[in-house]
Amino acid sequence: MSRPTQTAVERRKLLARLFPDGTPALWCPLITHYDGDGDIDAQRTAAHLKHLSPWLRGFLVPGSTGDGWELTDNETRRLLEIVLEQMAKLNLHLLIGALKTEAEAALRAVSDTVNRLDPRADDGNLEGRLIHSHVCGFTVCPPRGKELTQQQIGTALEAVLESGLPIALYQLPQITLNEMHPELVASLARQFPNFILFKDTSGADHVALSGQKLENVFLVRGAEGDYVRWLKAAKGPYDGFLLSTANCFAREFHQIVEDLAARRVKAAHAISERLTGCINEVFGIVTGLPHGNPFANANKAMDHFFAHGPNAQTAAPPRLHAGASLPADVIRATGEALSRHGLMPDKGYLE
């Protein structure tokens with residue numbers, strides 16, 4: 001067995017400092033809640049995070065599911081202000097999404113956020129300031145463009161990684177129109193110990209399945225469905241999940257992770273099959289809606305029931321970033337799907 005490189009050793013030490021209790025296997029890109037005026041709803045956000053916190057320790061805000069590509073800079077600042085307060089209260093870990101179509105814009109967003117973090121731990125140690133604020137890093141995507149070469153993508157990402165801040169790279173071809181090839185990801189992993197996490201929502205899983213050595217980079221899968229076979233505990237290629245549907249099924253995903261750790265593979269498969277069936281159905285229900293993206297819309301529809309309970313249809317439907325609300329027929333059909341798969345909560349977390 002070959003000895004780990006110095007970069008791999010430094011990365012492992014950095015992860016240990018950021019996550020003293022171990023890197024969470026389960027992460028959630030939190031949906032963004034709006035009040036009736038379209039402002040970020042601080043009370044609802046706090047209630048949702050408190051509801052999820054027994055099973056989830058890691059969050060990405062804002063992610064694609066949280067309207068990260070649609071939020072204005074001011075909305076993002078307000079959202080992070082609310083979420084950072086809750087991270088401290090609940091002792092959670094936050095990956096901050098800098099979802100921009102160009103590397104320069106992502107770097108500006110990262111710099112702006114760092115400057116707004118609580119300065120009380122700023123004794124010249126930026127890492128200490130991040131840890132004090134419960135921030136474990138920043139998530140960036142490749143620059144957008146179908147025509148971009150791997151060299152161009154790599155140069156852009158190197159500029160971000162050269163900041164020295166803990167960075168998570170996000171494979172999201174649905175938005176960026178390109179993919180980081182496995183060789184590029186492995187090259188970045190060899191160069192930068194602050195490249196701590198890689199998320200893939202493509203569904204193709206080219207990097208994880210490539211066999212490339214990623215030297216202690218933590219791999220999380222963002223694509224939905226058929227969950228069990230993707231985790232290393234079931235001889236899959238991923239260390240964990242960063243799933244939009246953890247907004248609603250955190251307890252069930254936590255149970256899958258626990259079952260696999262205890263070698264209860266049959267039990268894990270049973271939960272996975274129920275979740276896959278329900279989630280596929282709800283994603284089908286929201287397909288074709290004129291506003292929002294399917295990840296946000298499906299999770300807002302399901303979270304409506306987790307917030308308000310079985311009688312959620314009597315509550316005002318969730319508002320989307322565009323200003324419209326989810327249609328009543330979407331809410332009704334989502335409730336029927338949750339009930340059909342035995343996933344309807346007995347009581348809402350707002351009740």
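Student: Where is Pro62 placed?

Tutor: This is a predicted model. In it, Pro62 belongs to the loop that runs between strand S2 (58–61) and helix H3 (73–90).

Student: What is the peptide bond from Val61 to Pro62, cis or trans?

Tutor: Let us begin with the general idea. Most peptide bonds are trans, and most residues other than glycine have a negative phi. The bond that leads from Val61 to Pro62 is cis, and its omega is near -15 degrees.

Student: Which phi does His134 have, positive or negative?

Tutor: His134 is not a glycine, yet its phi is positive, at about 65 degrees. This residue sits in the loop between helix H5 (126–132) and strand S4 (135–140).

Student: Is His134 buried or exposed?

Tutor: A residue counts as buried when its relative accessible area is under 20%. His134 has a relative accessibility of 17% and therefore counts as buried.

Student: What is the phi of Asp205, and where does this residue lie?

Tutor: Asp205 also has a positive phi, of about 60 degrees, although it is not a glycine. Its place is in the loop between strand S6 (195–200) and strand S7 (218–221). With a relative accessible area of 1%, Asp205 is buried.

Student: Where is the place of Asp259?

Tutor: Asp259 is part of helix H9, which covers residues 246–261. Its relative accessibility is 3%, so Asp259 counts as buried.

Student: Which residues does Asp259 touch, not counting those up to four places away in sequence?

Tutor: With those sequence neighbours set aside, Asp259 touches Arg264, Ala267, Ala268 and Ile271.

Student: At what angle do helix H11 and helix H12 pack?

Tutor: To read such a pair, one considers the angle and the distance between the axes. Helix H11 (residues 294–308) packs with helix H12 (residues 328–340) at about 70 degrees, and their axes are 9 Å apart. Angles of 65 to 115 degrees count as roughly perpendicular. H11 and H12 are therefore roughly perpendicular to each other. Their crossing is right-handed.

Student: Which residues make the contact of H11 and H12?

Tutor: H11 contributes Ala301, Met302, His304, Phe305 and Phe306, while H12 contributes Val330, Ile331, Thr334, Gly335 and Leu338.

Student: How many residues of this contact are nonpolar, polar or charged?

Tutor: In the contact of H11 with H12, seven residues are nonpolar and three are polar, and there are no charged ones.

Terms used. Residues are numbered from 1 along each chain as its sequence is written. This is a predicted model: local features need pLDDT of at least 70, side-chain atom pairs count only at pLDDT 80 or more; totals for chains, interfaces and linings use all residues. Side-chain values use heavy atoms; hydrogens and water are left out. Helices (H or I, at least four residues) and strands (E, at least two) are DSSP runs, numbered from the N terminus. Buried means under 20% relative accessible area, exposed over 50%, partly exposed in between (1.4 Å probe, protein chains only). Contact means heavy atoms within 4.5 Å. Axes are lines fitted to C-alpha atoms, for helices over the stretch in contact, and angles run from 0 to 180 degrees between N-to-C directions. Angles under 35 degrees count as roughly parallel, over 145 as roughly antiparallel, 65 to 115 as roughly perpendicular and the rest as oblique. A crossing is left-handed if the near helix is turned anticlockwise from the far one by less than a right angle, and right-handed if clockwise. Ala, Val, Leu, Ile, Met, Phe, Trp, Tyr, Cys and Pro count as nonpolar, Asp, Glu, Lys and Arg as charged, and the others, Gly among them, as polar.
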